[in-house]
Structure formats: C-alpha cells, structure tokens
Amino acid sequence: MRSTLGFLRKILKQYKRREYTSISSADTLVVCNICLWKGHKFEDFDVGYGGVYENSLCPRCHSQPRHRSLYFYLQNILPNQKPINFLHVSPEKCLDKLISSYKNINYLSIDLDSNNAMKAEDLTKLTFKDNSFDFILCSHVLEHIKNDKKAISEIYRVLNRNGKAVIDVPINYTALDTYEDDNI
C-alpha cells in the first residue's frame with residue numbers, strides 16, 4: 001500500500017509540473033497532453049442533464065480532464081516490453097492513439113454497440129475465457145449498467161490474476177444520497 005501511494009504522489013507531482021490543464025492567469029495557455037492542442041482555455045462541456053463543466057473540453061480531440069489525467073497515468077504505468085492483452089471497455093477515441101502506439105499491446109475494445117468499438121460485448125456476459133486480459137480499462141461505464149455487481153465480477157473473471165484493472169466512475173462528493181437514473 002505504501003509503495004502505491006508513493007507512486008501516485010510521484011505521478012501527481014509530475015502532472016502538476018507539466019501544468020497541462022492549469023490556468024493561472026488570462027494570458028496563460030492550456031495544453032492538451034493528448035493531442036497537444038494549445039489555447040487560452042478549453043471549451044465548456046455541457047453534460048446534458050443540467051450541468052456544465054467550465055473550461056474542460058479540448059476542442060480538437062474532445063478529451064475532458066478525466067481523459068487527460070488517465071492518459072498521463074497510462075503513459076506512466078503501461079509496460080514497453082512485456083506483451084500484454086489489453087481490454088478497453090466503451091473506448092474513448094482520444095485514448096486509442098496512446099494505447100495503439102505500444103507494439104507490445106494486443107488491444108481489444110468492446111462496447112454494446114459494435115459501431116463504437118472493435119467488438120460488441122455485454123459487460124455483464126463477457127464471452128472471453130477466464131484470465132484472458134492483463135489490463136482492463138473501464139471508465140465511466142459501470143454507472144450505466146443496472147447489474148453493476150455482475151459487470152464487476154465479469155471484469156474480475158477475465159482479468160489475469162497478476163493483471164491490473166482501472167475502473168473509473170463519477171462520484172458526487174456533495175450528494176447525501178446516491179442518485180440513480182436508468183434513463184441516462
């Protein structure tokens with residue numbers, strides 16, 4: 001646990017030093033660490049159900065802060081030599097370039113809709129064998145699945161015992177109760 005915290009602190013220090021998404025004054029430029037777009041500020045992002053994230057969306061690659069921080073994190077943890085089987089659930093186009101750039105990665109993206117990924121799969125009923133993947137990326141997906149416990153058990157089942165899974169879900173720290181809306 002202690003080594004993991006140290007690693008995360010090191011990454012956060014590097015990220016702050018690069019100041020990819022910080023704005024400290026009107027003449028400071030922001031830089032997208034994914035597509036290297038530069039400008040005075042990112043665009044505002046309307047989440048569609050009453051919320052707007054100001055200064056968050058890259059106008060070129062459409063990445064948001066969560067994508068840019070994940071991109072930075074992946075750059076620091078993905079191995080360069082060891083062959084790995086990588087499963088990307090509901091892939092973000094802005095992250096494909098990084099993941100695909102690794103020659104040692106056998107990359108597969110899945111989504112319910114095959115137009116959005118390489119293969120159509122239901123995360124609650126994966127067709128893969130046990131221990132099939134060394135790395136699984138699942139960002140902002142589980143909150144859209146009715147039976148999220150089944151989806152998590154499927155991720156666990158297909159993840160290699162020495163593998164890693166990055167599972168990211170949005171959390172509202174100010175809400176007193178869990179808000180669930182099956183229509184979103």
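**Salt bridges and a helix**

Tutor: This is a predicted model. Start with Lys 119, which is partly exposed because its relative accessibility is 32%.

Student: What does the side chain of Lys 119 meet in a salt bridge?

Tutor: The partner is Glu 121, with 3.1 Å from N to O. Glu 121 is buried, as its relative accessible area is 7%.

Student: What counts as buried, then?

Tutor: Buried means under 20% relative accessible area, and exposed means over 50%. Anything in between is partly exposed.

Student: How many salt bridges does the count come to?

Tutor: The count comes to 6. One of them joins the side chains of Lys 41 and Asp 44, at 3.6 Å from N to O.

Student: Are Lys 41 and Asp 44 buried or exposed, or in between?

Tutor: Lys 41 is partly exposed, with a relative accessible area of 44%. Asp 44 is also partly exposed, at 40%.

Student: OK, helices now. Which residues of helix H4 are buried?

Tutor: Helix H4 covers residues 148-158, and its buried residues are Ala 151, Glu 154, Ile 155 and Val 158. They lie on the same side of H4, because they cover an arc of only 100 degrees around the axis.

Student: And what do the buried residues of H4 pack against?

Tutor: They pack against two strands, E8 (133-139) and E9.

Student: Which exposed residues does the face turned away from the buried side carry?

Tutor: That face of H4 carries Lys 149 and Tyr 156.

Student: Back to Glu 154. Why does Glu 154 count as buried?

Tutor: Its relative accessibility is 6%, and the cut-off for buried is under 20%. Glu 154 still forms a salt bridge, with Arg 157, and the closest N and O atoms are 3.0 Å apart.

Student: Where do Arg 157 and Glu 154 lie?

Tutor: Both are in helix H4, 3 residues apart, or about one turn of the helix. Together with Asp 130 and Lys 150, they are linked in a network of salt bridges.

Student: Different topic. Which residues form a nonpolar patch on the surface?

Tutor: Ile 167, Val 169 and Ile 171 do, and together they have about 240 Å² of accessible area.

Student: Where is the place of Val 169?

Tutor: Val 169 sits in the segment after strand E9, which runs over 159-168. With 33% relative accessibility, Val 169 is partly exposed.

How values were computed:
Residues numbered from 1 in each chain as written. Predicted model: local features only at pLDDT ≥ 70, side-chain atom pairs only at ≥ 80, totals over all residues. Heavy atoms only, no water. Patch = residues over 30% accessible without salt bridge, like charges linked within 9 Å, V, L, I, M, F, W, Y side chains within 5 Å. Areas by Shrake-Rupley, 256 points an atom, 1.4 Å probe, with all protein chains shown as cover. Salt bridge = Lys/Arg side-chain N within 4 Å of Asp/Glu carboxyl O. Helix = DSSP H or I, 4+ residues; strand = E, 2+ residues; numbered from the N terminus. Buried < 20%, exposed > 50% of the residue type's maximum accessible area, 1.4 Å probe, protein only. Arc of directions from axis to C-beta. Contact = heavy atoms within 4.5 Å.
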